[in-house]
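Trainee: Before we go through this entry, I would like to know what stands behind each label. Please show the structure.

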Amino acid sequence: MKTERFEVGALQANCFFVTDEEAGVSLLVDTGAPSKAMEQAVEAFGGEKLRYILLTHGHFDHIGYAAAMKQKYPRAKIVIGEKDAAFTQRDDLNLSLFFEGTLPHFTPDILVRDGDTLPFGKGEIGVMNTPGHTAGGVCYLIGDSLFTGDTLISGTTGRTDFPTGSLREMMKSIRRIAELPGDLKVYCGHGENSTLAAERKYNYAMRKEHDDDLSE
């Protein structure tokens with residue numbers, strides 16, 4: 001499996017193109033804005049091989065180009081956490097109203113919950129609910145790679161002061177990620193890629209001295 005990262009839009013959100021050459025399938029994670037380089041990569045691999053457009057959460061800088069990519073590649077299924085489904089229709093929730101004006105609204109094809117799986121090539125995509133940045137934020141586990149959106153950003157976490165955000169839920173989600181077995185490649189919604197081992201060591205939210213933040 002190969003993963004390519006593209007920084008898109010004014011906020012330089014990460015869009016990832018994941019390919020399984022052996023199985024002849026691909027997917028995108030967080031198509032937030034147009035990217036010539038990203039679209040060239042999709043075309044070069046074969047647009048008909050695009051199976052999913054995975055959205056980690058519903059903010060405009062991560063969903064803003066999903067409708068356009070779906071129109072171009074109708075076989076691809078748009079996937080989002082069920083509690084963020086309304087973000088695809090409401091510009092106050094997806095924040096485009098306050099940054100870039102309204103976005104093209106769309107209806108996701110698949111709404112996912114914690115523990116769901118989606119077939120991908122000879123393997124599967126695992127879904128992990130990680131509320132905090134938004135109520136319906138999810139991470140996607142594909143092989144040894146974890147796509148965290150704006151839940152886990154290398155060395156820190158995403159913001160929790162937007163609509164439906166929660167610091168308490170964020171800290172629970174980060175600790176849950178920290179407890180995943182083994183080491184994983186971590187692909188964040190902004191900034192550089194990381195590893196789970198590095199985050200356990202250096203990310204303040206994963207260190208045990210912050211367990212008090214989880215107390216009820």
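Trainee: Which residues does H59 touch?

Mentor: Leaving aside residues up to four places away in sequence, H59 touches F87, L93, N94, L95, H133, T134 and F162. Contact means heavy atoms within 4.5 Å. This is a predicted model: local features need pLDDT of at least 70, side-chain atom pairs count only at pLDDT 80 or more, and totals for chains, interfaces and linings use all residues. Residues are numbered from 1 along each chain as its sequence is written, and side-chain values use heavy atoms, with hydrogens and water left out.

Trainee: Why is H59 called buried?

Mentor: Buried means under 20% relative accessible area, exposed over 50%, and partly exposed in between (1.4 Å probe, protein chains only). H59 has 2% relative accessibility, so H59 counts as buried. H59 lies in the loop between β4 (50–54) and α2 (60–63); helices (H or I, at least four residues) and strands (E, at least two) are DSSP runs, numbered from the N terminus.

Trainee: What makes the pair of H59 and H133 a polar contact?

Mentor: The side chains of H59 and H133 come to 3.0 Å. The term requires a pair of N or O atoms within 3.5 Å; within protein, one must be able to donate a hydrogen and the other to accept it, and residues adjacent in sequence count only if both atoms are side-chain atoms.

Trainee: How do you know that the span of α5 is close to the expected one?

Mentor: The expected span is 1.5 Å times one less than the number of residues. Helix α5 (residues 167–178) has 12 residues and reaches 16 Å from its first C-alpha to its last, close to the 16 Å expected. At the start of α5, a side-chain oxygen of S166 comes to within 3.5 Å of the backbone nitrogen of R168.

Trainee: Which residues of α5 are buried, and what do they pack against?

Mentor: M170, M171, S173, I174, R175, I177 and A178 are buried. The buried residues of α5 pack against β8 (123–129), β9 (138–142), β10 (145–149), β11 (152–153), β12 (156–157) and α6 (196–202).

Trainee: What makes β7 and β14 edge strands?

Mentor: Two strands pair if DSSP finds at least two bridges between them. The open sheet of 6 strands runs β7-β8-β9-β10-β13-β14, with mixed pairing. β7 (117–120) and β14 (194–195) each pair on one side only. β7 and β8 pair in the antiparallel sense over 4 bridges, and L118 stands opposite I125 in β8.
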